[in-house]
Amino acid sequence: MGESAILVLIISAVVFSAGGILAGKLLVKSKPSKVKSEAYECGVQTIGKSWVQFNVGYYLFALIFLIFDVELVFLYPWAVAAKQLGWVALIEVIIFLFILFLGFLYAHKKGALRWM
Amino acid sequence: MNTLITVSLLGIAAMLSEVFRFKKFIQTVFIAAVTGATGLAVLDWGTSYSYFRFMVLFDDYALAFSILFLVLTLIWLLLSQEYFCNENTRADYFALISFSLAGAIILSSFSDLSMFFIGIEILSVSAYVLAGSNRSDIRSAEAALKYFLPGAFSTGFLLFGMALIYGATGSFNLSNISLWIIANHSNLPVMVNAGVVFLITGLLFKIAAMPFHNWAPDVYDGSPTPVTAYMSTIIKAASFAAFYRLFVSCFSIMADWWTPLLVIAAAITMIGGNITAVYQNNLKRMLAYSSIAHSGYLLLAVAAINQLSKPAMLFYLAAYSVASLGMFTLVNRMGNEQQLDKLKGFAHDNPFYAALITLLTLSMAGIPPLAGFFGKYYVFLSSIRSDLIWPVIVAVIASLIGVYYYFRIVYNMYSKPAASAHVVSLSGFDKSAILITALLTLLLGIAPALIADII
C-alpha cells in the first residue's frame, strides 16, 4: 500500500500541474495586444504605471499589528483554561506580555509608529 | 540552560538600550554577558539536565558547542568593530547577533523536533536581516533576498520532513522517535525514509552543501564582510551541530540507509567546492567556495556516525572557524573590491602579520602541524573506522586541489605591489584578531587533545 500510494500521488501531482501548463500552451491562441497587457482595474482605464511604491509605514504598521494579533491568539487558549492552570500560568502570561511590551517600546522608540 | 537564558536576555537588553539610552555601553554589556554566558556553560560542564519538559537537553555536546559559539563571537567582535560604529543601528545589530546566538545554542541542545525548528528559525531570521544590513549597498539587499528565498524554501523541506516523521512515529521527542524506530526497525514505513530524505535536503540547504549550495557564493559575497564572517563560522557550526545531533540521536539505527546520500553529497561538495574556488579572483568569493568545500569534509564526519565523529566535528569546526575569522579580518580591510591583486605588497608592509595569515592559510589547507591538519585527520580517521574508504580518497584529492588556491593567497601577499596601488593596512583590532586566531591555530595544532578529548 504505502509506497505505491506515494508514487501515484507524486505522478498525479506532476501530471496535473505539468499537464495544465502544457494544455494551456497547446490550446491557447496567443495574440497579444497593448490593450490586453494593461492591468485590469474593474474595467476603468488605468492612469499611470502600476509599479508604484507604497509608503513603508503601511508595512511597519501591518507587522506591528500582526505581532499583537498573534499575541491575542496565544492568550485565548490560556484564557479558556485559566482556572485549571492557576497562578503559575498567570505569571507566565504576564512575563510573555511584558516581553512583548518591551518590543512595543522598542518599536515606538525606533519611530515605527510615526506616520511619515 | 543559564547560558541560553543569559544570551536571550542579552538580546532583549540590546533592544532596550535603544529605549533607555544606554546604547553607548551596549558593547561592554555584550562582551560581559557573552563572557558570563561562557563561564556559566563551563560551570555546567559534566552535568546533563533536561529543561522545559524534555524540550532541550544540556549535555556535554551542547555545552561544548555553546562554548565554541560564544568564544568565536568574542573573537568575531574584534574584526567587526567598524560594523558597530553607526549609532543608529548599533543596538539593532547587537540584538540580532544575540538572538542568532540564542538560536545557535538551541540548535546544539534541542531534544525535540519543535525546538530544532525554533532554533533554526531564530538563527536564520536574524541572519537574513544581518545579510541585508548594509542598506546603502544594493548587493547587500540582493544577498538578503537570495538568502531569504532559499532559506524559506529549505525550511519548508525541514517542516515537511518533520511532519512525515511525526506522522510515522507519533512523537516530536528525539528519544521517543529513536525508540520507535528501534522497535519497528525490521519493517519501517516508507514515511520515515521520506521524512529523512526531506530533513537531509533541508539541512544540506542550510549548510550550503552541493547540490544545494547555489545561494551561498552570492550571499557571502554581497553581505557586509563581518556578517559573512559570522555566517561562515558560527552559523555554519550551529547548523552542523544540529545536523549531527538530530541524526545521531534519532536515525543512527538506520544509518546504513541514509549514509550513502550524505557520502555522495560530501564527495560532490568537496570536489566541486574546491575546483570552483580555484577559478575565483575575488578573495571573499574564494573563501565562500572554500567554506562550501569545508562543509563537504564535515559531512563526512556526520556520515561516519561513530564515537570519533563527535570530537572530529567539534575540532574541525573550531579549527576551521578560528582560521576563517582571521582570514575574514584581512578581507574586511580590503574594502568593497576584494580582488586578490590588492594583496600584493602586503607582506612588504606588514611582514609579521603576513606570516600569521600565511599560517592561517596553511591551517585551512590542512598542512601539519596546524589545527586544520588535525581537523582533517580526525574526520578521515572517523570515516575510515566506518569503512568509508573511497570518500576519504576523494577528500584527500580535494584537499590537494585546495592547497593550490590557498597558496595563491600567500603568493599574492608576497608579490611586489603594482605601481601606485593602495596597499591594505590593518587597524589595532585587526592585528589583535589575527594574532589571537593564529595563536589558537598553533595551540590547537600542537595540542589537539585540548578540544578533541573533551567530548
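Me: What counts as a helix here, and what length is expected of one?
Reply: Helices are DSSP runs of H or I with at least four residues, strands are runs of E with at least two, and both are numbered from the N terminus. The expected span of a helix is 1.5 Å times one less than its number of residues.

Me: What kind of model is this, and how are its parts labelled?
Reply: Residues are numbered from 1 along each chain as its sequence is written, while chains are lettered from A and ligands numbered from 1 in the order in which they are written. Local features need pLDDT of at least 70, side-chain atom pairs count only at pLDDT 80 or more, totals for chains, interfaces and linings use all residues, and the model is predicted.

Me: What is the mean pLDDT of chain B?
Reply: pLDDT is the predictor's confidence in each residue, from 0 to 100. In chain B, 99% of the residues reach 70 or more. The model scores ipTM 0.73 and pTM 0.88. The mean pLDDT of chain B is 90.

Me: How far does helix α4 of chain B reach from its first C-alpha to its last?
Reply: Helix α4(B) covers residues 87-109, which is 23 residues. At 1.5 Å a residue, 33 Å is expected. The reach in the model is close to that, at 34 Å.

Me: How many of the 20 residues of α3(B) are buried?
Reply: Helix α3 of chain B runs over residues 60-79 and reaches 29 Å, close to the 28 Å expected. It is largely enclosed by the rest of the structure, because its buried residues number 17.

Me: What radius of gyration does chain B have?
Reply: Chain B has 19 helices and two strands. The radius of gyration is taken over C-alpha atoms, and the globule rule is 2.2 Å times the number of residues to the power 0.38. For 455 residues the rule gives 23 Å; chain B is close to this, so it is as compact as a globular protein of that length, with a radius of 21 Å.

Me: What radius of gyration does chain A have?
Reply: Chain A has three helices and zero strands. The globule rule gives 13 Å for its 116 residues. Chain A is well over that, so it is more spread out than a compact globule, at 26 Å.

Me: What share of the residues in chain A is buried?
Reply: The C-alpha trace of chain A spans about 70 × 60 × 25 Å along its principal axes. In chain B, buried residues make up 57% of the 455. In chain A, with 116 residues, they make up 1%.

Me: Is A:Leu90 buried or exposed?
Reply: A:Leu90 sits in helix α3 (residues 82-109) of chain A. The C-alpha atoms of A:Leu90 and A:Lys25 are separated by 60 Å. A:Leu90 has 12 C-beta neighbours inside 10 Å, so it counts as exposed.

Me: Which residues have the most contacts inside the largest nonpolar core?
Reply: A nonpolar core is a set of buried Ala, Val, Leu, Ile, Met, Phe, Trp, Tyr and Cys residues joined through C-beta atoms within 7 Å. Two residues are in contact if their C-beta atoms, placed from the backbone, lie within 7 Å. Leaving aside neighbours within four places in sequence, B:Tyr316 touches residues including B:Tyr297 and B:Tyr378. The largest core has 175 residues, and those with the most contacts inside it are B:Phe69 and B:Tyr316.

Me: Which element gives the largest share of the side of chain B that touches chain A?
Reply: The contact takes eight residues from chain B and nine residues from chain A. On the chain B side, α1 (2-19) and α8 (190-206) each supply at least two residues. The largest share, five residues, comes from α1(B).

Me: Where is B:Pro369 found?
Reply: A cis peptide bond joins B:Pro368 and B:Pro369, with omega about 5 degrees. B:Pro369 lies in the loop between α15 (351-365) and α16 (371-385) of chain B.
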